[in-house]
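Please keep the sequence and the three-dimensional view at hand while reading.

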Amino acid sequence: MPVFLTRRVALCASHRLHAPGLSDEENLKIYGKCNNPNGHGHNYVVKVTVCGDLDPITGMVMNAVDLKNYMKNAVMDTMDHKCIDKDIEYFRTKPSTAENIAVYIWEQLKPHMKKEKCSLYKVQLFETENVEVEYMGP
Ligand SMILES: Nc1nc2c(c(=O)[nH]1)N=C([C@H](O)[C@H](O)COP(=O)(O)OP(=O)(O)OP(=O)(O)O)CN2
Ligand SMILES: [Zn+2]
């Protein structure tokens, strides 16, 4: 019987939407105000859901404190109060869209989950109150 466990963190970061493979004119046309050369900031919210069988002894899918520590290492330590495009190597070659950030978080968390019996199920990234992305893996 699979059970889902979700944990949430909030962080602040800045970024600029700019695709390295496109010209400055194309970037401005596609991303508009989000291509502002000096960037802009967001109060991001990240929710991570894991899924697995309930351990009949512990009553847990996995320990939520362990998930907190994985999210601290994979999300908070790399992204919080950072300039995403400049501080995170991954985004030197990819635009820091909410979609790409959700995939990045999934890839950062995946190695930690090898220690667990349950699986990474979903990463949700809220970029603004109105924009949310969900990624459920490759
Ligand atoms: N597919 C995507 N489209 C856009 C992304 C993205 O990550 N993926 N990002 C942006 C902007 O960076 C910004 O996050 C959203 O801009 P906008 O919708 O204008 O912001 P708000 O939700 O705050 O809306 P307001 O109208 O400003 O209140 C753009 N597109
Ligand atoms: Zn933005």
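Which residues surround ligand 1? In this predicted model, the ligand is surrounded by Leu17, Cys34, Thr97, Ala98, Glu99, Glu127, Thr128, Asn130 and Val131. Sorted by class, this shell consists of four nonpolar, three polar and two charged residues.

The strands may be considered next. Five of them form an open sheet with mixed pairing, in the order β3-β1-β2-β4-β5. Its edges are β3 (82-83) and β5 (132-135), each of which pairs on one side only. Within the sheet, β2 and β4 are joined by seven bridges and pair in the antiparallel sense. Val50 stands opposite Leu120, a residue of β4.

Two helices pack on this sheet. The helix α2 touches β1 (2-15), β2 and β3, and its direction makes about 20° with that of β1. The helix α4, in turn, touches β2, β4 and β5, and its direction makes about 150° with that of β4.

There remains the nonpolar interior. In soluble globular proteins, nonpolar side chains tend to be buried together. Here the largest nonpolar core has 27 residues, of which Ile105, Leu109 and Val123 touch the most other members. Two or more residues of this core come from each of β2 (40-53), α2 (64-79), α4 (98-113) and β4 (119-126). The greatest contribution, seven residues, is that of α4.

Which residues does Leu109 touch, not counting residues up to four places away in sequence? On that basis, Leu109 is in contact with Val48, Tyr70, Ala74 and Leu120.

Conventions. Residues numbered from 1 in each chain as written. Chains lettered and ligands numbered in written order. Predicted model: local features only at pLDDT ≥ 70, side-chain atom pairs only at ≥ 80, totals over all residues. Near = placed C-beta within 6 Å. Nonpolar A, V, L, I, M, F, W, Y, C, P; charged D, E, K, R; others polar. Core = buried A, V, L, I, M, F, W, Y, C linked by C-beta atoms within 7 Å. Buried ≥ 20, exposed ≤ 12 C-beta atoms within 10 Å, placed from the backbone. Helix = DSSP H or I, 4+ residues; strand = E, 2+ residues; numbered from the N terminus. Contact = placed C-beta atoms within 7 Å. Pairing = 2+ DSSP bridges. Axes fitted to C-alpha atoms, helices over the stretch in contact; angles between N-to-C directions.
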